[in-house]
Amino acid sequence: MSPPVITAKSLTKKYKEFAAVDGISFEVAPGESFGLLGPNGAGKSTTMRMVGAVSTRTSGDLSILGLDPNEHGPEVRSQLGVVPQQDNLDMELRVRDNLIVYGRYFGLSHAQCGRKADELLEFAQLTDRAKAKVDDLSGGMKRRLTIARSLMNDPRILLLDEPTTGLDPQARHILWDRLFRLKEQGTTLVLTTHYMDEAEQLCDRLVVVDKGRIMAEGAPADLIKQYSTREVVEVRFGSDRNADVARRLAGVGERLEVLPDRILIYSEDGDAELALIAEMGLEPITSLVRRSSLEDVFLRLTGRSLIE
Amino acid sequence: MTAVTEPFAAEAAGRALAGGVKPRRYGSWYVAEHRIRGMRSYLKTLLVTSVGNPLVYLFALGVGLASLIDKNLGPNGFNGVSYLAFVAPALLATAAVTVAAEECTYPIMMGFKWNPIFFGMNAAPITGNQIVNGVFISVLVRIIPTCVIYFLVMLLFGAVPSPWGALTILVATFTGLSVGLVIAAYTSRIVDDKGQMAMIMRFGITPMFLFSGTFFPLSQMPIFLQWIGWISPLWHGTQLGRVLSYGAVEPAWLSALHVLYPAALCVWGWTTTQRVVTRRLNK
Amino acid sequence: MTSTRALAPTRPLAKPRSGGIGALYAGNARSVVARGLLATRSTNYLIVLSGFFEPVFYLLSMGLGLGALVGNVATSTGQQVPYAAFIAPALLAVSAMNGAIYDSTWNVFFKMQYAKLYEGMLTTSLGPLDVALGEILLALLRGALYAGGFMIVMQVLGLNLAWTAFLALPAVLLIAFGFASLGMAITSYLKTFQQMDWITFVMLPMFLFSATFYPLSVYPTAIQWVIQALPLWHGVELVRGLTTGALSVAMLWHVLYYVVMIAIGLVFTTRRLRALFLD
């Protein structure tokens, strides 16, 4: 077993009295793809900034590539690639210049920067936009350019904070494809997301974070197995009848979740439950049987939905 | 995963330690390089301004207005020199101050907010202090050519009687920098743009330009207004410039003060900006 | 623009706008002004207010400080006046110009290119002339405020030398109207912030050379002609004539100059806005 590239022990960040990150511990192995899943405000971004060696921790231990980021900030950052939640490309520079300028920050020569920039423009499918102004790029292109920029230094670890938030489905899929290739090449990925499909697609292992704490940890499939059933039945009876019907449904399936607009029935066999509901003479307006997802895990763990 | 253990860890840490060497040593220069690359997009404007401004100002004040004043006071009414020679060092210092103020307001506000490149730099191995240094280096890169061109135009107008006059370039640069650093210490704190920049210009730079003994000796103002000059780096820079450019007479301790005061402002502005920026990046 | 122009005749919606002044003007510039006032009140009135101080600072510094060194100055009519009384009317005209240019260039450019404000306005019943007039009126309102304040300062300092000085207020509005109208027309043709710099390049020498700080007689005749062709000189002369009480028929020429400038500015602005957003 190779030693972890990131080790966090009781990692804590407090802003005055408020603990944004409240004593979380995890390890990331080299080449692993590790996710932090949780709603907005769970402390994911703060954790990422501490791992990115730009935010000092209040307490706990943190080691990245065997170094303490508090003492070796620049050294640690020289090995990281960072894709922040909000793009911070330089709008005053053109696409290729953005990459070159960034490469210089790692001490690369101009020649190295030029070579690397061209290679990464290819990778990010932006070669034909090399001379464009950053402002004229679409959201998806900007994101790809940010990712290209984060790779200028051949990072050991790539940190991605909500990489696809705000992108349309097509742009998301292009981006996932690029990230998947990096993963295949052995780059360690650490990403935060509040999209469960993204977490399922990209993460080997993840932690579910809420209110600055880790609620659960494991591979996506294992978490689903552990905290949810195989299938879920979603039924709607209209918002005024929901609560009423929920009382009568008690005992159907292994577990019920009553949401304002629908009822979720957790079960190994969704169709059977649906038949049972029909037998009871309850007629849902809509019904749907689907496989459990990380969303259900989160609901189970926190009693709240991921996207609110 | 590849099955390496201890050697891997040592190699990773070693590579990181090596990766930090260059950024730690040259980081400030990388930031300056970045900012200068950004300036290239408005190079034409900068060139026209830095040549046009001295021509226009020296002509309007040093020739046009001077014709009124020299008629009234005689051709050598200012310590034995013309109004042109009197006003030129002030205009030179003002040009430096204007450029410094410009470069220490919007670009700093922008780096945190509208075009938050400072966070990007900091995510790379660049520290907050280096970002500040780099910005200030790029400010100098703008001030120095501005002053050199200004001085050449001054020579063209015959506004520099003394051979020591070339040193006014240094004095003006230093004056501009001291104002810029103090402004930067403030703008680096601004979180919401509520028009503070316009306020700095209207209630800081403009009155300083008008009441710092630039167009007329400070003693021309009532004593209760003269403090504006004493605290204004522009007055100190202008007075020192006059000593060098035409041998204006003043006590040596005052000349020393003209150097020490802006130097103190520089040190204060520099360290404060570094502290503020570092704190702000460390969220 | 061109592709939609070809489609226009087949669109029934385009019909009410298809000709005459009605297509350009809905007689509702008021609502544009009202929006502007609301925006000012909720955001930056302190900055708006601070604009008043700039010419006052200039007057105190140049007029009083420098004035002691200059003594009396001869105006274009040969009248000897104290230096402060010489530059005060010029500063008044300059501040009218600066305010109007700022409002009609930077502000308008921002609203057009970034805030997309006009695009929204023109999808309502407002026409391009409503928008142009509304914006200009807004600039004038601000200009009137500054001018009024500055004239009070002049009165206190005893720089209004004749009763005709009160006519300087409408004169300043005329000047502001002229610059706002022309400025807006030019801005509507600009595409980048860099191009805006050229406006500054023209404004600075005009500010310094238009008989603001010293009489035109300093220059050789050829340069005098160039300056007399530029708008600011007419404004300075007009206001100075009124505050010093040296009235002459020539002042009507200055007024005419501005009337023409206003007309040209409005025609081009309206045309351009129409081409940009409606055709």
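Read along the sequence, chain B of this predicted model follows the pattern α-α-α-α-α-α-α-α-α-α-α-α, and its secondary structure accordingly comprises twelve helices and zero strands. Chain A, by contrast, contains both kinds of element, with eleven helices and 13 strands. Two pairs of chains are in contact, and of these it is the pair of chains A and B that shares the most contacts.

**Secondary structure and extent**

- In chain A, which has eleven helices together with 13 strands, the C-alpha trace spans about 75 × 45 × 40 Å along its principal axes.

**Burial and contacts within the chains**

- Chain B has 283 residues, of which 50% count as buried, and among its contacts between residues at least 6 apart in sequence, 80% join residues at least 24 apart.
- Chain A has 308 residues, of which 51% count as buried, while 68% of its contacts between residues at least 6 apart in sequence join residues that are at least 24 apart.

**Arrangement of the chains**

- Chains A and B share the most contacts of the two pairs of chains that are in contact.
- Chain A and chain C, on the other hand, do not touch, and the nearest C-alpha atoms of these two chains lie 12 Å apart.

Definitions and conventions
Residues are numbered from 1 along each chain as its sequence is written. Chains are lettered from A and ligands numbered from 1 in the order in which they are written. This is a predicted model: local features need pLDDT of at least 70, side-chain atom pairs count only at pLDDT 80 or more; totals for chains, interfaces and linings use all residues. Helices (H or I, at least four residues) and strands (E, at least two) are DSSP runs, numbered from the N terminus. A residue is buried if 20 or more other C-beta atoms lie within 10 Å of its own, exposed if 12 or fewer, and partly exposed in between; C-beta atoms are placed from the backbone. Two residues are in contact if their C-beta atoms, placed from the backbone, lie within 7 Å.
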